[in-house]
Amino acid sequence: NNEELYCIGCGAKIQSDDPKQPGYTPVSAIKKGLENDELYCQRCFRLRHYNEVSDVSLTDDDFLALLNQIGSADALIVNVIDVFDFNGSLIPGIHRFVGNNPVLMVANKEDLLPRSLKRSKLKDWVRQRANAEGIHPVDVIMTSATKQHALEELLKAIEKYREGRDVYVVGVTNVGKSTLINQIIKRSTGMQDLITTSRFPGTTLDKIEIPLDDGRMIVDTPGIIHKDQMAHYLSAKELRLATPQKEIRPKVYQLAGGQTLFFGGLARFDLITGPSTRNGVVVYMENNLQIHRTKLEKADAFFVRHQGELLQPPTTGELSDFPPMERFEFKVREKSDIVFEGLGWVTVKSGSIVAGYAPKGVGVLRRKAMI
Ligand code: GDP
């Protein structure tokens, strides 16, 4: 039939004519995909099943070759993540393709965190989260690529851990990998002229190589698109409204049990019961994000009535692309942060029962309070 079908992984138009072009899917796979309501092009299907990577910035099967190349290289892997969005920063299946290579974690965008937050605590948390994903980083360095924090420390760590090997810099899009690479290039004075953009052998993926003194190099790999990022549900403009642009100023709300906070139309926090009649909860999110307080019992109706208008972003025009909210409930037995991945967090006291809502696919989780 003439119906136009699109891959739910990369958005390419599905076609069965040319295996070399984006969206190629064998006819049999289209049928199966439609039956399961999960139509992926062949490339995305393979990525999901062999590496579980949902998408890449370039539409080509060759991405697998890149992962294989990294796996078989003897190299230091530098994995850049957004300290604000650990889940959204993860390269699914990374532990499998790094092989036996050491991983140095770079937790970027440190400048967004309030000064009162102990960096060492967050480092420990990043390490724990990495361990839970099967990655055991040799070190975690917290950087700000834009504010140029800890870049010398990073370069020193790279030098220390690479032990004469090549360095592969990997990361999903939006974590600040390009900004970081540009800073590394600037700091390696005189090297600007030597930078080469080449392609991974046998692939169409561009890579940037920064030569090192001993004939080795730092290789910048293409950004991998991770679909569970708030970033993919919002337009560029709305993303700026929703994600922190500057150091966060914490906001305190005195809530009674049975009260709700809406963060624009993006997320929601319910204090179901608290240890006291009034409970201070502290919100760490983009300073200009509109926060609305309602009664919990009226919150569902309030959301339906005001989503896209009073409660935005997203705006009415963008609601059709916005996934439904998913609810997570927590019994809080120690002072905790309820983390909305990519948005920020709410610190609550021990003895609270709370719920967090975020667009389906974006995680809400609890961690021991950082402050
Ligand atoms: P890439 O897709 O990983 O290469 O990310 P980019 O380097 O393009 O950065 C994505 C966005 O994050 C841009 O808006 C950058 O300005 C911003 N960004 C990058 N590094 C930092 C940082 O250290 N702090 C802050 N606050 N923003 C950053």
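Predicted model: local features only at pLDDT ≥ 70, side-chain atom pairs only at ≥ 80, totals over all residues.
Helices and strands are here DSSP runs, helices of at least four residues and strands of at least two, numbered from the N terminus.

**Figure 1. The surroundings of the ligand.** The ligand is surrounded by 16 residues, of which the closest are Ala145, Gly176, Lys177, Ser178 and Thr179. Helix α8, which runs over residues 177-187, gives the most to this shell, contributing three residues. Sorted by class, the shell holds 10 polar residues, three nonpolar residues and three charged residues. For the complex, the predictor gives an ipTM of 0.99 and a pTM of 0.78.

Figure 2. Ala150, which is not a glycine, has a positive phi near 60°, and its place is in the loop between β4 (139-142) and α7 (151-162). Ala150 counts as buried because 20 other C-beta atoms lie within 10 Å, and 20 is the number from which a residue is called buried. Glu163, also a residue other than glycine, takes a positive phi of about 45° and is found in the loop between α7 and β5 (166-170). Glu163 has 9 C-beta neighbours inside 10 Å and therefore counts as exposed.

**Figure 3. Helix α6 and the glycine that comes just after it.** Helix α6 is made up of 14 residues, 119-132, and reaches 20 Å from its first C-alpha to its last, which is close to the 20 Å expected at 1.5 Å a residue. Just after α6, Gly134 takes a positive phi of about 85°.

Figure 4. The average pLDDT of the chain is 85, and 86% of the residues score at least 70. Over residues 50-60, however, the pLDDT stays under 50, although the model has 40 contacts beyond four places in sequence for this stretch. Over residues 190-195 the pLDDT is also below 50, and this stretch has eight contacts in the model beyond near neighbours in sequence.

Notes
Residues numbered from 1 in each chain as written. Near = placed C-beta within 6 Å. Nonpolar A, V, L, I, M, F, W, Y, C, P; charged D, E, K, R; others polar. Expected span 1.5 Å × (residues − 1). pLDDT = per-residue confidence, 0-100. Contact = placed C-beta atoms within 7 Å. Buried ≥ 20, exposed ≤ 12 C-beta atoms within 10 Å, placed from the backbone.
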